[in-house]
Amino acid sequence: MDISQFYIWVNLKRFFQKLTANTLNEGNLVTEPDIFLTTEKHRRPDIAYFTDTQLLNGKKSKIQIPAFVIEVISPSDNAIKVRKKVNEYLEGGVQVIWNVYPDDKTIDIYEISGKITSCRGNQMCSAEAAIPGFLISVDDILKVPEA
């Protein structure tokens with residue numbers, strides 16, 4: 001995720017702060033964390049959700065599998081590599097993966113259950129399989145703030 005895409009992070013962070021203020025969800029959205037799906041498989045998603053317990057347990061064990069990851073896909077990303085990341089996340093135990101395509105205004109959602117959804121416009125994107133209540137529209141995620 002480069003600086004031209006940071007508005008996506010800001011929109012998601014604001015939504016998540018409102019969600020956690022009104023629910024019992026405990027955890028944090030973290031940008032660019034180093035995650036180890038196994039001792040050999042390392043990834044750095046653009047955004048990942050970790051429970052507070054996982055963040056505290058990170059001191060004891062590097063392997064803390066986030067329940068939810070978000071990758072912001074840029075035009076230069078290779079489709080085969082993007083698919084490989086999704087498969088590695090799912091095999092590693094990530095519950096929900098979002099691939100955000102800002103230029104196409106589309107979000108592809110992959111769930112560990114095998115469900116795949118593609119959202120556009122005012123359609124709601126769900127990460128509820130990982131975080132109860134995490135439901136937000138594509139438009140709200142991709143809304144570019146006014147200067």
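**Gln5 and its surroundings**

Modeller: Gln5 is in contact (heavy atoms within 4.5 Å) with Val72, Ile73, Ser74 and Pro102, once its neighbours within four places in sequence are set aside. The model is a predicted one, in which local features need pLDDT of at least 70 and side-chain atom pairs count only at pLDDT 80 or more, whereas totals for chains, interfaces and linings use all residues. Residues are numbered from 1 along each chain as its sequence is written, and side-chain values use heavy atoms, with hydrogens and water left out.

Gln5 belongs to the segment before α1. Its relative accessible area is 8%, so Gln5 is buried; the term buried means under 20%, exposed means over 50%, and partly exposed lies in between, with a 1.4 Å probe and protein chains only.

Helices (H or I, at least four residues) and strands (E, at least two) are DSSP runs, numbered from the N terminus. The buried residues of α1 are Tyr7, Ile8, Trp9, Asn11, Leu12, Phe15, Phe16 and Leu19. They pack against several elements, including β1 (27-31), β4 (47-51), β5 (68-72) and β6 (96-101), and also against β10 (135-137) and α4 (138-142).

Strand β6, one of these partners, contains Asn99. Asn99 counts as buried because its relative accessibility is 1%. Beyond residues up to four places away in sequence, Asn99 touches Glu71, Ile73, Val82, Val86, Thr106, Ile107, Asp108 and Tyr110.

The loop between β6 and β7 (106-111) holds Lys105. With a relative accessible area of 52%, Lys105 is exposed. The phi of Lys105 is near 55 degrees, a positive value in a residue other than glycine. Most residues other than glycine have a negative phi.

A positive phi is also found at Glu32, where the angle is near 50 degrees. Glu32 lies in the loop between β1 and β2 (35-36) and is partly exposed, with a relative accessible area of 33%. Leaving out residues up to four places away in sequence, Glu32 touches Met1, Arg44, Pro45 and Asp46. From C-alpha to C-alpha, Glu32 is 5.9 Å from Ile47, although the two are 15 residues apart in sequence.

As for the whole, the protein has four helices and ten strands, in the order α-β-β-β-β-α-β-α-β-β-β-β-β-α from the N terminus on. The radius of gyration, taken over C-alpha atoms, is 15 Å. This agrees with the value near 15 Å for a compact globule of 147 residues, by the rule of 2.2 Å times the number of residues to the power 0.38. The C-alpha trace spans about 45 × 40 × 30 Å along its principal axes. Of the 147 residues, 41% count as buried. Among contacts between residues at least 6 apart in sequence, 49% join residues at least 24 apart.
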